[in-house]
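Hi everyone, thanks for coming along. I'd like to walk you through a structure today, so let me put it up on the screen.

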There are 2 protein chains.
Amino acid sequence: MKEASRLAVLKAVEELHYRPNVIAQSLLSQSTGCIGVICAQDNINQTTGYLYALEKHLSQHQKHLLLRFANSKTEVLHALDELTCGLCDDVLVIGARFPLNISHENVILVDCVDVDSSNSIQFDHAFAAETACNYLIKQGRRQIAVINPDSCGSVEQILLGYKRALENNFLPFNRNLIFMDSTSSSVALQVLLNNSTTLNFNALLVADEQEAQRIIPQLQAFNKSVPQDIMVFSLAGSLHLPGIPTIPAIEYSMDAMAARIVAWLTEKTKSALGSNVLRGDLIIPDMAGRK
Amino acid sequence: MKEASRLAVLKAVEELHYRPNVIAQSLLSQSTGCIGVICAQDNINQTTGYLYALEKHLSQHQKHLLLRFANSKTEVLHALDELTCGLCDDVLVIGARFPLNISHENVILVDCVDVDSSNSIQFDHAFAAETACNYLIKQGRRQIAVINPDSCGSVEQILLGYKRALENNFLPFNRNLIFMDSTSSSVALQVLLNNSTTLNFNALLVADEQEAQRIIPQLQAFNKSVPQDIMVFSLAGSLHLPGIPTIPAIEYSMDAMAARIVAWLTEKTKSALGSNVLRGDLIIPDMAGRK
DNA sequence: CTGTTAGCGCTTTCAC
DNA sequence: GTGAAAGCGCTAACAG
């Protein structure tokens with residue numbers, strides 16, 4: 001081959017801005033490099049962390065993030081249908097609080113409820129609750145109440161970790177401090193406050209920071225100062241927004257989660273997932289920070 | 001054709017879960033239905049609103065949202081490169097605060113600075129500032145300060161609307177109340193507060209709610225109550241989070257924006273954009289709400 | 001080492 | 001009416 005013609009081709013490539021068509025490549029390779037991400041969590045503000053971490057990791061592996069939102073099983077299945085016709089190599093479903101019963105080869109369930117499938121990544125809520133209680137007990141809070149909405153699906157796990165921490169600290173278990181099946185967290189809080197003289201609770205575990213921010217003003221309205229009288233602990237993340245004081249929380253590393261997911265997607269061996277539970281980090285408020 | 005064989009085929013389709021391969025279809029039609037969305041805003045929490053509205057509208061038109069994040073011109077161009085090799089029919093760049101100089105046929109710039117291209121949708125900041133000032137003046141606030149970070153790129157527009165409102169209300173313009181080129185909004189605020197006895201300002205326009213939540217505690221630290229002493233107004237959206245009191249704001253309808261974008265994408269005529277500026281709604285805090 | 005060919009899964013066209 | 005064939009843009013495997 002003449003060097004001249006080689007250069008001529010390269011020059012033409014340059015000048016005509018030739019870009020090999022990835023669709024034609026995909027047709028042959030039977031893989032598009034697209035990963036569908038179906039966000040099913042009810043609080044869409046929580047998706048940002050997931051998406052940012054996921055996109056960062058996916059693009060590093062030449063993969064594309066195809067985003068969908070879905071709020072019910074029907075919507076998830078519909079989205080799944082549209083994405084698995086050759087468009088996406090794999091699909092993630094994130095944060096579904098309704099049972100899905102999906103056990104497809106190429107679908108990974110992340111932080112979903114009612115998971116029987118092995119293709120899933122779950123947060124270790126038992127570990128979170130245990131850490132939370134141990135922290136609170138070390139802070140001198142021995143009467144820890146728990147308010148967890150019915151829908152969270154991590155009820156048993158949270159209770160497990162809660163009891164484990166109490167046992168390890170030789171503390172008695174009081175059923176009246178636990179509100180796991182309440183439809184409204186506000187009602188649960190009212191019951192707690194109405195019985196506060198006998199219950200005498202000084203710490204409160206809630207499902208997430210959003211919940212905490214709803215509950216804290218209610219506590220204050222009943223002359224309970226936070227965290228002096230009642231220390232409120234979020235079992236899933238803090239918001240880190242200006243104007244909102246930090247509360248102690250368990251925070252799950254979105255980066256760690258994304259790394260695991262991408263490892264699974266690229267290696268396609270179940271062992272890549274390692275354990276399929278992810279443990280969160282304990283975040284304690286900066287005492288020197290804002291009041 | 002025999003009816004029996006027709007049914008046999010349909011039955012086989014059903015049983016084998018046959019799904020026509022969209023990639024093969026794309027190769028022929030030269031269109032994938034994928035719309036690349038490059039989020040370039042520094043505050044990733046702002047992306048959620050865009051993404052949710054966009055995905056909703058796109059999926060209604062059988063289009064897919066391919067998400068990327070980019071924080072610099074280099075990253076945006078790199079993402080653009082990867083998406084325009086046949087994968088995406090069109091690409092949106094959202095919220096870039098750095099000049100891009102892109103005027104590609106299939107790229108729409110949304111809420112980006114320094115836009116010369118006609119393929120863009122901008123927020124009407126002049127209109128926002130004018131509405132804000134008119135509202136504040138009607139609330140009895142005639143000394144309106146403005147703090148706007150340099151990077152926002154809407155400086156002239158905001159000043160335009162500000163002056164227009166003042167003129168229409170026969171109020172004098174005071175240059176000392178305007179901080180448009182300050183690197184730090186905190187420094188600008190300090191200058192304002194140091195001169196507060198002579199300036200006597202009773203309202204403050206800030207770029208967005210995030211900024212407002214940074215500034216409000218600083219005002220309170222100087223014994224300025226909000227909104228009694230100083231009414232803080234956000235020129236771009238409010239957060240609507242529990243635990244954060246609502247402040248008056250201009251809020252842009254993500255739904256309206258998404259609808260316009262999808263109209264442009266589907267009709268592919270510039271007229272579909274209508275005007276390429278989008279005006280925001282005035283949001284006033286619910287006085288009956290939290291303190 | 002270079003050049004040709006077949007075929008990825010589909011749709012459109014053209015011939016029967 | 002139904003059925004065969006061409007071709008979308010690319011890369012594999014093959015033949016020269």
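Which element gives the most to the surface near DNA strand D? It is α2(A), with three residues. "Near" here means that a heavy atom of the residue lies within 4 Å of the strand. Helices are DSSP runs of H or I with at least four residues, strands are runs of E with at least two, and both are numbered from the N terminus.

Some housekeeping before we go on. This is a predicted model, where local features need pLDDT of at least 70 and side-chain atom pairs count only at pLDDT 80 or more, while totals for chains, interfaces and linings use all residues. Residues are numbered from 1 along each chain as its sequence is written, chains are lettered from A and ligands numbered from 1 in the order in which they are written, and side-chain values use heavy atoms, with hydrogens and water left out.

Back to DNA strand D. Eleven residues surround it, and the closest are Tyr18(A), Asn21(A), Gln25(A), Leu28(A) and Gln30(B). By class, the residues of this surface are seven nonpolar, three polar and one charged; Ala, Val, Leu, Ile, Met, Phe, Trp, Tyr, Cys and Pro count as nonpolar, Asp, Glu, Lys and Arg as charged, and the others, Gly among them, as polar. If we take the atoms of DNA strand D within 4 Å of the protein, 87% belong to sugar or phosphate and the rest to bases.

Now some polar contacts, meaning pairs of N or O atoms within 3.5 Å; within protein, one must be able to donate a hydrogen and the other to accept it, and residues adjacent in sequence count only if both atoms are side-chain atoms. Tyr18(A) has a polar side-chain atom 2.9 Å from a phosphate oxygen of DNA strand D. From the other chain, Gln30(B) places a polar side-chain atom 2.7 Å from a phosphate oxygen of DNA strand D. There is also a base contact: a backbone N or O atom of Ala24(A) lies 3.4 Å from a base nitrogen of DNA strand D. The elements giving two or more residues to this surface are α2 of chain A together with α2 of chain B.

Let's turn to DNA strand C. The side chain of Gln30(A) has an N or O atom 2.6 Å from a phosphate oxygen of DNA strand C. With three residues, α2(B) supplies the largest share of the surface near DNA strand C.

Next, the sheet. Twelve strands form an open sheet with mixed pairing, in the order β11(A)-β5(A)-β4(A)-β3(A)-β1(A)-β2(A)-β2(B)-β1(B)-β3(B)-β4(B)-β5(B)-β11(B). Two strands pair if DSSP finds at least two bridges between them. At the edges stand β11 (277-278) of chain A and β11 (277-278) of chain B, each with a single partner strand, so one side of each is left without a neighbour in the sheet. Further in, β3 (residues 90-94) and β4 (residues 107-110) of chain A run parallel, joined by four bridges. Val91(A) stands opposite Val107(A) in β4(A).

What about the helices? Ten of the 14 residues of α3(B) are buried, so it is largely enclosed by the rest of the structure. Buried means under 20% relative accessible area, exposed over 50%, and partly exposed in between, using a 1.4 Å probe and protein chains only. Over in chain A, Glu55(A) lies in helix α3 (residues 47-60) and counts as buried because its relative accessibility is 5%. Leaving out residues up to four places away in sequence, Glu55(A) touches Leu65(A), Leu67(B), Arg68(B) and Phe69(B), where contact means heavy atoms within 4.5 Å.

My last stop is Cys133(B), in helix α5 (residues 125-138) of chain B. Is Cys133(B) buried or exposed? At 0% relative accessibility, Cys133(B) counts as buried. Its contacts, again not counting residues up to four places away in sequence, are Ile144(B), Tyr162(B), Ala165(B) and Leu205(B). Phe233(B) is 100 residues away from Cys133(B) along the chain, and their C-alpha atoms are separated by 9.1 Å.
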